[in-house]
Amino acid sequence: MVQWSKTFVSWVKDRTLFVSVVFSWDLPAVERRFCLQRSMEFDRIVIGGPAIRAVPNYFSQYEFVTAGGDLDLAFKLHNKQATRTSIGCVRHCPHCGVDHIEGRFRLLKRFAPGNVLIDNNLTALPMNHFHRAMDHVDKYSTRDNPGDIQGVDVRFINEEHARRIKCARINVLRIALDSFSYVDQWDRALEILFAAGIPKRKIRSYALVAFDTDPGEGWKRCEHILKRGIKPLPMFYRPPDILDKNRITDNQEKMGWNDFERRRIMQWFYQHKAAVKY
Ligand code: SF4
């Protein structure tokens, strides 16, 4: 039987326990649960998912644990609706773990069923592949169960992307403004999306904070997003191999971040105190 917890998904087959973990900071909980208190139900453990790719040696002291596994299976286990049409990303942003976890950028020929499209960079796809990806989302979306797309890189978006997205059966479209260095392209992408008739209420914009700028810059960027009528979703930077989710790194401390500042920005924008007027 497959078991879901907040931190991992696990199941036993042929006396082997399989565990899939998404985030590196959940690895200590998996270790406590399965390695430090071993069950008689299984002899071996196979641990997979993005977390183990980020910290491949985490379990090396346990001879009964093997690290590895299929990433696509991991995504499916954590979100049954998840699907993707490409792996990796054409960009190599310094804050991102995709290169390390997924390897070089490549297109897939066959796509798993699902309407939550988790390609890392949807608008970097060749245009015919992009259309196939959107058709795939539509195939699995209904009025009651609309699709969700992420990876819309504002630096690549054009009118054809926007027109196709407008026709898609989706209710959420996720873009990002991770740095002010491309704010003009972000603004221009919004104009393209609005001109195609995509309403503001369907658009969310991530904003990476605490990577290489101070709290003031993070707030300014989130407020810029809000002023354009888009819901900002700040994402607090965590190194891909971090084992304690709430740890503020030395570099973040130097930039003026601490636990109070982290909570302040996350709570303000996620608890809807910053209302978006549509
Ligand atoms: S565009 Fe997104 S997925 Fe690609 S490297 Fe940058 S942050 Fe990662």
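Keep in mind that the model is predicted, with local features needing pLDDT of at least 70 and side-chain atom pairs counting only at pLDDT 80 or more, while totals for chains, interfaces and linings use all residues. Residues are numbered from 1 along each chain as its sequence is written.

Let's begin with the whole chain. The C-alpha trace of the protein chain spans about 60 × 45 × 35 Å along its principal axes. The chain is divided into domain 1 (3-70) and domain 2 (72-270), with bounds from an automatic or database domain assignment. Taken over C-alpha atoms, the centres of the two domains are 28 Å apart.

Next comes the secondary structure, with ten helices and 13 strands in the protein chain. These are DSSP runs numbered from the N terminus (helices are H or I, at least four residues; strands are E, at least two). Strands β2 (residues 8-13) and β3 (residues 16-21) run antiparallel and are joined by six bridges; two strands count as paired if DSSP finds at least two bridges between them. Lys-13 has Thr-16 in β3 as its bridge partner. Two residues lie between the strands of this hairpin, where Asp-14 takes a positive phi near 50°.

Now for the open sheet, whose six strands follow the order β6-β9-β10-β11-β12-β13 with parallel pairing. Its edge strands, β6 (82-83) and β13 (231-236), each pair on one side only. Inside the sheet, four bridges pair β11 (residues 170-176) with β12 (residues 203-209) in the parallel sense, and Ala-176 stands opposite Tyr-206 in β12. Helix α10 (residues 259-270) lies across β12 and β13, at about 155° to β13. That angle is between N-to-C directions on a scale from 0 to 180 degrees, using axes fitted to C-alpha atoms, for helices over the stretch in contact; contact requires C-beta atoms, placed from the backbone, within 7 Å.

Finally, which residues surround the ligand? They are Cys-89, Arg-91, His-92, Cys-93, Cys-96, Val-98, Asn-120, Asn-121 and Asp-153, each with its C-beta atom, placed from the backbone, within 6 Å of the ligand. This shell divides into four nonpolar, three polar and two charged residues, where Ala, Val, Leu, Ile, Met, Phe, Trp, Tyr, Cys and Pro count as nonpolar, Asp, Glu, Lys and Arg as charged, and the others, Gly among them, as polar.

Methods:
Two residues are in contact if their C-beta atoms, placed from the backbone, lie within 7 Å.
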